[in-house]
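Hello,

Here is the structure I promised to pass on. My notes follow below it; please read them with the model open.

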Amino acid sequence: MLKGISPLISPELLKVLDEMGHGDEIVLADANFPSSSIGQRVIRADGIGTAELLTAILPLFPLDQYDPEHFVLMEVVPGDTVVPVIWEAYKALLNYYEPDTEVHKIERFAYYERAKKAYCVVATGEKAQYANIILKKGVVK
């Protein structure tokens, strides 16, 4: 047991967050994301939402200050009527933990290609559509 570490972060996830180096990326994937077919390394976080997991990770995980695209979402597919309201929760969390961070979005298939190169994909139980997040790790100052 450790003090100050959220119980939402499993020992396996804590190890991965620590192993990652500057420039490595991690995907927090919603329940619809093809985590197993895309991820080189997959950690299961069933039953945990992406916003809750992001709340647990951001106090521990510096975002890459040298790359402005260190927080990336998947764009809504043109013609899709889904409104990803979860993005507002993400913006609120970013404003709290990383106030200078801007959210970036990329097209669905470009997102998949970038996710294939990620250090790890965390398969959450998030049911909201377009709830996937790519985080790029920075350096601890």
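A nonpolar core here means a set of buried Ala, Val, Leu, Ile, Met, Phe, Trp, Tyr and Cys residues joined through side-chain atoms within 4.5 Å. Keep in mind that this is a predicted model.

**Core.** The largest nonpolar core has 44 residues. Those that touch the most other members are L13, I26, F33, L54, I57, Y90 and L135. Take L13. Leaving out residues up to four places away in sequence, L13 touches I26, I43, L53, I57 and V122.

**Helix α1.** L13 belongs to α1, residues 11-19, where V16 and L17 are buried too. The buried residues of α1 fall within an arc of 100° seen down the axis, so they line one face of the helix. An α-helix has 3.6 residues a turn, so residues three or four places apart point the same way. P11 and D18, on the other side of α1, are exposed. What do the buried residues of α1 pack against? They pack against β1 (25-29), β2 (42-45), α3 (50-57) and β5 (120-124).

**Sheet.** The sheet is open, with 6 strands and mixed pairing. Its order is β2-β5-β1-β6-β3-β4. β2 and β4 (104-106) stand at the edges with a single partner strand each, so one side of each has no neighbour in the sheet. From one strand to the next, the twist averages 25°.

- β2 and β5 run parallel, paired over 4 bridges. R44 stands opposite A123 in β5.
- Side chains alternate along β2.
- β3 (residues 71-74) and β6 (residues 133-136) run antiparallel, joined by 3 bridges. F71 stands opposite L135 in β6.

Two helices pack on this sheet. α4 (residues 86-97) touches β3, β4 and β6, and its direction makes about 180° with that of β3. α5 touches β1, β3, β4, β5 and β6, at about 130° to the direction of β3.

**A118.** This residue is in the loop between α5 (108-116) and β5. Is A118 buried or exposed? The relative accessibility of A118 is 2%, so A118 counts as buried; the cut-off for buried is under 20%. Beyond neighbours within four places in sequence, A118 is in contact with E25, V27 and Q40. A118 and K105 are 13 residues apart in sequence, and their C-alpha atoms are 16 Å apart in space.

Best wishes

Technical notes: Residues are numbered from 1 along each chain as its sequence is written. This is a predicted model: local features need pLDDT of at least 70, side-chain atom pairs count only at pLDDT 80 or more; totals for chains, interfaces and linings use all residues. Side-chain values use heavy atoms; hydrogens and water are left out. Buried means under 20% relative accessible area, exposed over 50%, partly exposed in between (1.4 Å probe, protein chains only). The arc is that of the directions from the helix axis to the C-beta atoms. Contact means heavy atoms within 4.5 Å. Two strands pair if DSSP finds at least two bridges between them. Axes are lines fitted to C-alpha atoms, for helices over the stretch in contact, and angles run from 0 to 180 degrees between N-to-C directions.
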